[in-house]
Amino acid sequence: MTVIPGPSAPPILQTLRWLLRPISFLESCRRNFGDTFSVRFLGFETPMVMLSDPEAIRALYGNAEHGLPPGRTIALLPILGPRSLLLLEGKEHLARRKLMLPPFHGERMRAYEATVRDVVAQDVETWPEGEPFAVHPHMQRITLEVILRAVFGVTDPHRRTRLAERVGQLLADTASWSLQLAVLVSRRFQGPDPLARLQQQRRAIDAMLDIEIAERRDDPREDILSMLIEAGMDDAEIRDQLMTLLLAGHETTATGLAWTLDLLVRHPHTLQRLAEGDDRYTRAVVTEALRLRPVVPLAGRRLTTPMQVNGYELPPGTDVTPAIWLAHTRADRYPEPFAFRPERHLDGAPATSSWVPFGGGVRRCIGAAFAEMEMRVALTEIVKRRALEAAAKDAERVARRNVTFSPAGGTRVIARRRG
Ligand code: HEM
């Protein structure tokens with residue numbers, strides 16, 4: 001058997017370091033073991049091999065046959081349901097993916113820009129003037145509202161509020177690192193299921209979704225829900241896919257925006273240039289922010305065929321993932337890798353194998369274009385309406401929230417009305 005070097009600490013310690021200080025954990029692995037190393041997480045029988053070399057990432061994502069590592073299913077199945085696109089595999093996954101892709105591209109997607117603009121304009125009016133506040137919760141409100149309108153097409157504001165409350169609660173309850181640890185511990189020691197309460201919450205949300213689905217069956221509209229109905233899905237599957245889009249798309253995009261704002265308020269020249277409204281520059285800002293502050297740290301596969309990497313042969317069954325932070329901070333790909341410099345992307349997008357905030361291959365995020373559009377439109381609207389400055393001396397530290405890297409202090413800023 002191939003043994004990939006990695007930290008020798010017991011799995012419980014490796015897991016705690018990963019949950020509590022992920023960046024310093026990854027950096028110490030890079031220092032000690034280089035491009036490829038293996039990590040042992042509590043509750044998993046086999047180690048997880050982490051990569052950051054672009055060629056290795058290309059090879060991993062280029063093979064459509066690989067499956068999913070068990071981590072994704074354990075954490076998400078009870079909440080998303082068995083038919084979620086995030087959890088399907090093989091032919092079934094590809095067929096569902098083909099069905100769900102169209103609304104996330106081209107003209108269809110551009111139609112949602114106006115929705116994003118409206119939602120941002122409304123939320124910005126509720127921001128405090130001239131005093132510090134955390135902007136991350138506002139980004140969460142914005143992205144949740146955008147999903148409820150664009151994906152679910154919920155037009156009744158009372159229903160939107162009730163759904164938003166329920167979903168917000170579900171997400172808050174899944175967010176803590178102690179819950180993540182409880183899940184791993186109960187797997188290891190077969191204790192009571194810490195996710196039972198979440199499933200109860202999911203059922204309450206389902207009841208509300210059923211009303212929306214029934215209405216859209218009678219009266220189709222421009223939202224993504226209507227398109228899933230048109231594609232011939234039954235109600236149970238639609239509920240799973242809606243929860244998937246909601247959970248995969250809302251928190252991630254909000255966190256991407258919060259990180260971008262944290263970087264911008266510490267780089268006033270960039271902020272100023274962004275406010276000039278050049279679309280190409282706005283795109284570069286989003287690309288650079290997702291590089292330097294990747295929201296999702298891992299997007300792995302379970303090998304179905306052997307893979308060569310850095311002189312090792314990894315056998316089928318090995319769980320392998322890019323360590324996205326490490327892939328994005330390689331000095332050979334990004335000179336001065338820790339500097340926030342959107343200019344580096346003005347001459348073209350980075351290579352897909354060294355910029356992987358959305359994963360890759362046949363499982364790459366289907367909401368990537370939607371998320372980038374939402375970030376672009378939201379940032380443009382925000383800087384048009386408010387002058388921003390940092391409210392805390394130091395840049396935000398990375399904390400884990402659900403499966404994401406999130407700004408620990410919620411990105412505190414001071415905002416002043418423009419003009
Ligand atoms: C900045 C925001 C976002 C980030 C960083 C992000 C990141 C990711 C990542 C890393 C994956 C796994 C990819 C892989 O395994 O190769 C993924 C999958 C997925 N994302 Fe996103 N995402 C974002 C926004 C969205 C949005 C807005 C939606 C939908 C509204 C969405 C829906 C999905 C779905 C359905 C999948 C599963 C795809 C599949 O397995 O085929 N995401 N996302």
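Which residue does Glu215 meet in a salt bridge? The partner is Arg159, and the gap between the two side chains, N to O, is 2.7 Å. Keep in mind that you're looking at a predicted model. A search of the whole structure turns up 35 salt bridges, and here are three of them to track down.

**Glu215 and Arg159**
- This pair links distant parts of the chain, with Glu215 in helix H11 (residues 196–218) and Arg159 in helix H9 (residues 157–175), 56 residues apart.
- Glu215 is partly exposed at 33% relative accessibility, and Arg159 is also partly exposed, at 25%.

**Arg96 and Glu237**
- Arg96 forms a salt bridge with Glu237, and their closest N and O atoms are 2.7 Å apart.
- Arg96 sits in helix H5 (residues 90–100) and Glu237 in helix H13 (residues 235–265), so this pair ties together parts that are 141 residues apart in sequence.
- Arg96 is partly exposed, with a relative accessible area of 22%, whereas Glu237 is buried at 2%.

**Arg385 and Glu381**
- Here the closest N and O atoms of the salt bridge are 3.2 Å apart.
- You'll find both Arg385 and Glu381 in helix H17 (residues 368–385), four residues apart, which is about one turn of the helix.
- Glu381 is buried, with a relative accessible area of 4%, while Arg385 counts as partly exposed at 27%.

Key
Residues numbered from 1 in each chain as written. Predicted model: local features only at pLDDT ≥ 70, side-chain atom pairs only at ≥ 80, totals over all residues. Heavy atoms only, no water. Salt bridge = Lys/Arg side-chain N within 4 Å of Asp/Glu carboxyl O. Helix = DSSP H or I, 4+ residues; strand = E, 2+ residues; numbered from the N terminus. Buried < 20%, exposed > 50% of the residue type's maximum accessible area, 1.4 Å probe, protein only.
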